[in-house]
Amino acid sequence: MKVAFAGTPEFASVALERLHAAGFTIPLVLTQPDRPAGRGMKLQASPVKQFAQAHGIPVVQPRSLRLDGKYPEEAQAARAALEAADADVLVVAAYGLILPQWVLDGVPSPREGRRWLGCLNIHASLLPRWRGAAPIHRAIEAGDAQTGVTIMQMDAGLDTGDMLLLEKLPIGARDTTATLHDKLAVLGGRLIVEALEIAACGGFKPVPQPSEGITYAHKIEKNEANIDWSLPVAEIERRIRAFDPFPAASTVAHGTPLKVWQAQVQTQEDAAAKGDAGRIRSIDDTGISVQCGSGVLRLTELQRPGGKRLPVADFLRGFPLEAGEVLGDKAAV
């Protein structure tokens, strides 16, 4: 089976690696154009491109796949590359571009008897919950007990296609987007290999998505990172985990923005505590206890601009705080 692949970040590169290790012929990889990254803002290849180049797989990087769009020459080049690849299926994982109908329908093939399997998407949620761009973040933020991976037959809608395989994964109490991402990437890599093996043995049994339980995982915006201390403590704690590693939950102290990487909900006795939202109730080497809209959150790992992520004891040596101070944009400078 010849498997073309479209993906960009680390989540996708894990799946590409598993497909390669399973022995599938991969004649072509589509990925996003190189982007500036790091302090020097030098152009950097995506993780998918890096893997493909290391294994001699041809790479195409169009800015759009729309033949009538802003970059028609690049779309035409991608179409020519897909025709030359003559793949049986296109596996898609966190690609970042919308697939137009000509991609979903498949390009013509000179091979007699080729059966086009379509475009199969590795989606990091239990569809139809959390369709869209940020399913891992939103599942943690919402307090979901479980998530998973759905292998989906793509159609023209936003993650609306029939489901081919689905496997659940519990969300741990300390899971962040970073840790859950890694678990789901491994699961997605395994499931797409299983899906293609099923296809090779006779085909899928597509299942339409339920019409109930649909939610959308909207893209994460940087302005969501600012901690609103008037919210309930459990909601703030989930957001801190959901926004690790991006955009990183943040607050303000002494006029300085601080990133909050780890925190814990205080004991049941403190959970109902009320007071000025954002006020520091107590400080010691194990944490900074902050009043929320209801309940108390204990901050245990922070970062100042230009610094490293530090346990609270180390952080306080370079950035002293005192009980009674108020954190947040409205704090006195």
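**Helices, a ring and some backbone**

Mentor: The axes of α1 and helix α2 (residues 47-54) come within 7 Å and cross at roughly 25°. This is a predicted model, where local features need pLDDT of at least 70, side-chain atom pairs count only at pLDDT 80 or more, and totals for chains, interfaces and linings use all residues. Residues are numbered from 1 along each chain as its sequence is written, and side-chain values use heavy atoms, with hydrogens and water left out.

Trainee: What makes α1 roughly parallel to α2?
Mentor: Angles under 35 degrees count as roughly parallel, over 145 as roughly antiparallel, 65 to 115 as roughly perpendicular and the rest as oblique. The crossing of α1 and α2 is at roughly 25°, so α1 is roughly parallel to α2.

Trainee: Which residues of α1 and α2 meet?
Mentor: Contact means heavy atoms within 4.5 Å. From α1 come E10, A12, S13, L16, E17 and H20, and from α2 come P47, V48, F51 and A52. By class, they divide into 6 nonpolar, 2 polar and 2 charged. Here Ala, Val, Leu, Ile, Met, Phe, Trp, Tyr, Cys and Pro count as nonpolar, Asp, Glu, Lys and Arg as charged, and the others, Gly among them, as polar.

Trainee: How do α1 and α6 pack?
Mentor: Helix α1 (residues 10-21) and helix α6 (residues 177-200) have axes 8 Å apart, at an angle of about 35°. Their crossing is right-handed; that word applies if the near helix is turned clockwise from the far one by less than a right angle, and left-handed if anticlockwise. The contact of α1 with α6 has 10 nonpolar, 2 polar and 3 charged residues.

Trainee: Why is α5 called roughly antiparallel to α7?
Mentor: The axes of helix α5 (residues 135-142) and helix α7 (residues 233-242) come within 8 Å and cross at roughly 160°. That angle makes α5 roughly antiparallel to α7. H137, I140, E141 and A142 of α5 touch R238, R239, R241 and A242 of α7, a set with 3 nonpolar, 1 polar and 4 charged residues.

Trainee: How do you know that R309 lies over the face of W261?
Mentor: A charge sits over a ring if NZ of Lys or CZ of Arg is within 6 Å of the ring centre and within 35 degrees of the ring normal. R309 lies over the face of W261, at 4.0 Å from the ring centre.

Trainee: Which peptide bonds are cis?
Mentor: Among them are the bond from D244 to P245, with omega near 20°, and the bond from F246 to P247, with omega near 0°. P245 lies in the loop between α7 and β12 (250-253), and P247 is found in the loop between α7 and β12.

Key. Axes fitted to C-alpha atoms, helices over the stretch in contact; angles between N-to-C directions. Helix = DSSP H or I, 4+ residues; strand = E, 2+ residues; numbered from the N terminus.
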